[in-house]
Amino acid sequence: MARPLTPLGSLGAEVAASFDADMAVRKRAIAQAERLFLAKGMQAVPSPWRKRARVLSLAAAAACVALLVAFVALRTPPRLAFTVDGSAGQAQNWLAAPAARPVVVEFSDGTRLTVDPLSRARVVDTEQYGASIALENGSLSAHVVHTSHSAWHLIAGPFAVRVTGTRFDLRWDSASQRFAITVLEGSVGVAGAIVGAERPVRAGETLVASVAEGRFDLINGNEPLALPGQSDAAPAPLTDGPAFGDPRTAPATSAQGPPDAGTPEISGRDSGGAWREMAKKGDLRQAFALADARGFQSVCDSATPAELLLLGDAARLSGRPDRASEALFTLRSRYPRDPRRAAAAFALGKVAFDQRHAYAQAAAWFSTCVREQPNGPLVREARGRQVEALRNSGDAPGAQRAAREYLAHYPDGPHADIARSVLK
């Protein structure tokens, strides 16, 4: 048990220790005395005194209960609270910054996160001295207040960032699988994917990594936050666009092996190509509006697997999870051997979790992602999200089993703290 921090905490601890030592004896003695007192002694006591004795007895009992409640409250460490653009925030809620402005997240310890426009993140969980944050796509700036107990973790794709107190800029492009972090003050530890075990990044340094290229670089100096391999070419479509549904009702063909023979990676540019141009510019809402106006199903019919993932993300950001589902299920059914089916399964799990709060369904989709591509780039995140989903669904045995599997594979992974809390 943690050491009490206040005189009231010390008092609560002493009271609780005393209660724990002789609670059983005290209960029997009180019960016996009450029976004898009420059965014999009170007959000889005038009525007003009997009433006063009962009142004093009830008051004493109430005081004991109050002390116990206070002690329990003292033993439960408070979690950090936070606001999103000034309104009370809630863990696990989706934070999607619009194109016109950032989203500001402020924690009760003074820590501040700024989620940049067109970026997506969520607060996974909060603790007494920190929180776990997932950057789904885009970039954010963080100013973490340092204390001797600070415990902050950020997840960006297959990368984990451990923070005590510092200022840094973080970016993760889920489409191209590129990661970058620039530390302005203090230091952080980065682990995972091609980086390997935790690697320190200090003030004035930038770490950039490309999962697709299998390389990373540590750059000295405050250079612009850029990602390896970036150019003016069209970005690769997002691989984490959500949808919804149950994997048990989806096609079960294995996703292992190369893409289907003859699958075109570049579809013909016809009169419906306007949505692609908007997607290149990052305006996914307008891209969806153009695709939907032309006929969403017909656009899906002519789309490549990568474009179907992009359409799913555009539909979700436009508030149309039904269309997102349509695009992702089209990918999974039409391209049974394309490895991007696993990314679609992961996306289906995310929308079930983040938007529909269908946690059992989300767990099934995350499990599907792991089964279909056990060595893929999303497997660690999928296993971690599966632990969360099973926990939230109320499936304690399933959550504990998933937590043990996660810790066996990733004892220092970004979801390790959540997994350990499930096993307590």
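L118 lies in the loop between β5 (112-115) and β6 (120-126), where helices (H or I, at least four residues) and strands (E, at least two) are DSSP runs numbered from the N terminus. Phi of L118 is near 65 degrees, a positive value in a residue other than glycine. The model is a predicted one, in which local features need pLDDT of at least 70, side-chain atom pairs count only at pLDDT 80 or more, and totals for chains, interfaces and linings use all residues. Residues are numbered from 1 along each chain as its sequence is written, and side-chain values use heavy atoms, with hydrogens and water left out.

**Loop residues with positive phi**

- Most residues other than glycine have a negative phi.
- At 37% relative accessibility, L118 counts as partly exposed; buried means under 20% relative accessible area, exposed over 50%, and partly exposed in between (1.4 Å probe, protein chains only).
- D85, which is not a glycine, has a positive phi of about 55 degrees.
- D85 is placed in the loop between β1 (82-84) and β2 (87-88), and is partly exposed with a relative accessible area of 38%.

**The chain as a whole**

- The protein chain contains 11 helices and 15 strands.
- Of its 424 residues, 45% count as buried.
- The accessible surface of the protein chain comes to about 20,300 Å², of which 57% belongs to carbon and sulfur atoms; such areas come from the Shrake-Rupley method with a 1.4 Å probe, and for residues only the protein chains shown count as cover.
- Among contacts (heavy atoms within 4.5 Å) between residues at least 6 apart in sequence, 55% join residues at least 24 apart.

- Two packed helices are described by the angle between their axes and the distance between the axes.
- The axes of helix α5 (residues 305-317) and helix α6 (residues 321-334) come within 7 Å and cross at roughly 165 degrees; axes are lines fitted to C-alpha atoms, for helices over the stretch in contact, and angles run from 0 to 180 degrees between N-to-C directions.
- That angle makes α5 roughly antiparallel to α6, since angles under 35 degrees count as roughly parallel, over 145 as roughly antiparallel, 65 to 115 as roughly perpendicular and the rest as oblique.
- α5 passes α6 in a left-handed crossing, meaning that the near helix is turned anticlockwise from the far one by less than a right angle, whereas clockwise would be right-handed.
- Residues in this contact include L308, L309 and L311 of α5 and A324, A327 and L328 of α6.
- The axes of α6 and helix α7 (residues 340-354) come within 9 Å and cross at roughly 145 degrees, and this crossing is left-handed.
- L328, F329, L331 and R332 of α6 make the contact with α7, where the partners include R340, A344 and L348.

**Helices α9 and α11**

- α9 and helix α11 (residues 416-423) pack at an angle of about 35 degrees, with their axes 9 Å apart.
- The crossing of α9 and α11 is left-handed.
- V387, E388 and R391 in α9 meet I418, A419 and V422 in α11.
- Q386 is found in helix α9 (residues 379-393) and is buried, with a relative accessible area of 15%.
- Not counting residues up to four places away in sequence, Q386 touches A363, F366, S367 and A402.

**Strand β15**

- R215 lies in strand β15 (residues 215-220) and is partly exposed, with a relative accessible area of 34%.
- R215 and I194 are 21 residues apart in sequence and 6.6 Å apart in space, C-alpha to C-alpha.
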